[in-house]
Structure formats: structure tokens, C-alpha cells
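Hello,

Here is the structure I promised to send over.

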Amino acid sequence: MKPLITVFTPTFNREKYLRRVYESLLRQSDRRFVWLVVDDGSTDGTRDAVAAFASNENGFEIKYCHKKNGGLHTAYNRALELCETLLFVCVDSDDILTDNAVSSVLSHLNEIKSSDTAGFVAPNALPDGNLIGGALPNADNVHIGELKYRYHHRGDVKMIYKTDVLREFAPMPVYDGEKTFNPVYLFMRADEKYTLAVLREPVSVIDYSTNGMHTEVFAAYESSPQSFAELRRQFMRDRFAPPYAVFRNAIHYVSSCIFAKEKHMLKKSPRPTATFFALPFGVALNIFIRIKNKGARL
């Protein structure tokens, strides 16, 4: 059977969690997928663990790629270079797939045949079975921004994309020395042009008790300022964002530009007026972050 989905797992020193992902893949009722593990420079036993999984009779292919540590966004960039299937989904080492996840997605392929549909969006579930943020809206297709600001859905969701769609907007920018860049940037780029078909049932379960790759946010604001500034620019472009959201992102944008010593923040902003009025608040936020980080280092 030709694989149709690449299940991409980025990992950095997460060996002890990979078995959970692997076992959820073994439980899949449909094996038309590839498991692609992109190791972002791990120094633990990740390579050996994945090799042990691959030596079994799994019914699906396992691919492993080790790269120099560069952050989650660079793992995404590499995964999209390697992906050879129609669909692409990230299943973090904190996640597991529901037993019928692959089957459920592939049974709805007709719903994304349209050239303006990028893939699927599905709710995520907690280990107790409750949907994170509740059910998705009763709509056939949505934009990510629409989901948040029109339907007020605040829970994590799982997005399954056509690989070719993501490649239109990849690779994500990589700034020297910066390793924190949220891949939602890539999805928001796609959201400007495409919608996602809505799936009702969850395809993944997230356990928030395991620390993922995104921790120490205040430190990241200071260590990856160009990345955060670019992300805030993208958020400000969201046509569904109300004025308060645009202004909030402008404040964060100003703070990141100060950290990055960006002299042309107004010129580079997609919302220069909002950014101008956000200047004093962004300065205050920048000072607050510096104080928080200084306290954490003591």
C-alpha cells in the first residue's frame, strides 16, 4: 500500500517519550503512513531507540534524520524537504494518535480535493477524552484565524496539510543564533490563501504533563527576537484579527524589535499605525521581560 500521510515527529532529547508515539502508531487501523522522526541534535539515546523501532515488523516505514540542533522550525523545514506523501502532520513527542486517526483522515480525502483547501483541522483531546477547547464549529471549512476570532475556539487543534501547500510557504526563516520560532507561522502563511476542512472527531491526544519543546517563554523572547518579530508581523496580517488582537501583537512586535535592535520596525510592520500607538506599551513590555529574565538568572 502506498503511504499517503507522513507522520512527522520532531524531537530533541525526548527518547523516553518516543515509545508512546510509536505504540500509538502500531495501533493504527490503517497503515498507509510513514513515520518520519527528525532528531534536532539529540545527545540521548534517540537514534538507538528509533533504530530499535524500525527493526520490528511494523507494517509502516520509519525514517530517521539527525540534524544539527537549530530549533523546532528547522526540524519542520527539514521534514518538508524529506516528505514524499500527499499529506503531512506533526505528532509531537507529547502527543499520541487516536487508534483510528489515519483511517479517519483518509476516509475524508474527497473533502480536500478543492484547490483552495489546504487540508484538515481536527480537535485535540486530553487523556480523559475531553476535547481541548470543546467541539469545533459546525462549518465545512474554516480559516485558522476565523476559528479563533469568529468562532472563539481557544483549544489546541491538530492540522493535517497537503504537503505541496506547506511547501509553497516553506522554508520558514532561520535567523543566526535563534532557535525558537513557532511553526504556527507556516500555517498562518497558508491561512492567507487556503481554508481547512473540519473534522469532528479528535485524531490526537495531548498530555500537558510532559514538558515539550516550548518552555521558558520569557527567555525565548530575548534569545530569539527576530523570530518573534516575524511571527508577530504574521499575526498582524490575519484578516480575522479584531483591533484588540492586532494591538496586542503590535505591543509584542515592538518589544521583539527592541531586543533585535531593529531600527525600521514601523516600516516593516504590516500595521504601522497600530505599531506606532503600541510603542510605549512595547517598551514597557520589553523592560518587564528583561526584569523577569534577570531574576530567573540570579
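Below are notes on the aromatic pairs and on one serine.

This is a predicted model: local features need pLDDT of at least 70, side-chain atom pairs count only at pLDDT 80 or more, and totals for chains, interfaces and linings use all residues. Residues are numbered from 1 along each chain as its sequence is written, and side-chain values use heavy atoms, without hydrogens or water.

Aromatic pairs

The whole structure holds 15 aromatic pairs. Rings of Phe, Tyr and Trp (its six-membered ring) pair if their centres lie within 6.5 Å; planes under 30 degrees apart are stacked, over 60 edge-to-face, the rest tilted. Phe181 and Tyr185 have ring centres 5.0 Å apart and planes at 50°, so this pair is tilted. Both residues are buried (under 20% relative accessible area; exposed is over 50%, partly exposed in between; 1.4 Å probe, protein chains only).

Phe218 and Tyr221 pair edge-to-face, at 6.2 Å between centres and 85° between planes. Both sit in helix H8 (residues 217-223), three residues apart, about one turn. Helices (H or I, at least four residues) and strands (E, at least two) are DSSP runs, numbered from the N terminus. Phe218 is partly exposed at 32%; Tyr221 is buried at 13%.

One aromatic cluster is formed by Phe8, Tyr76, Phe88, Tyr161 and Phe187.

Ser42

Ser42 lies in the loop between strand S2 (33-39) and helix H2 (46-54). Ser42 is buried, at 11% relative accessibility. Not counting residues up to four places away in sequence, Ser42 touches Thr11, Phe12, Asn13 and His66 (contact: heavy atoms within 4.5 Å).

Best wishes
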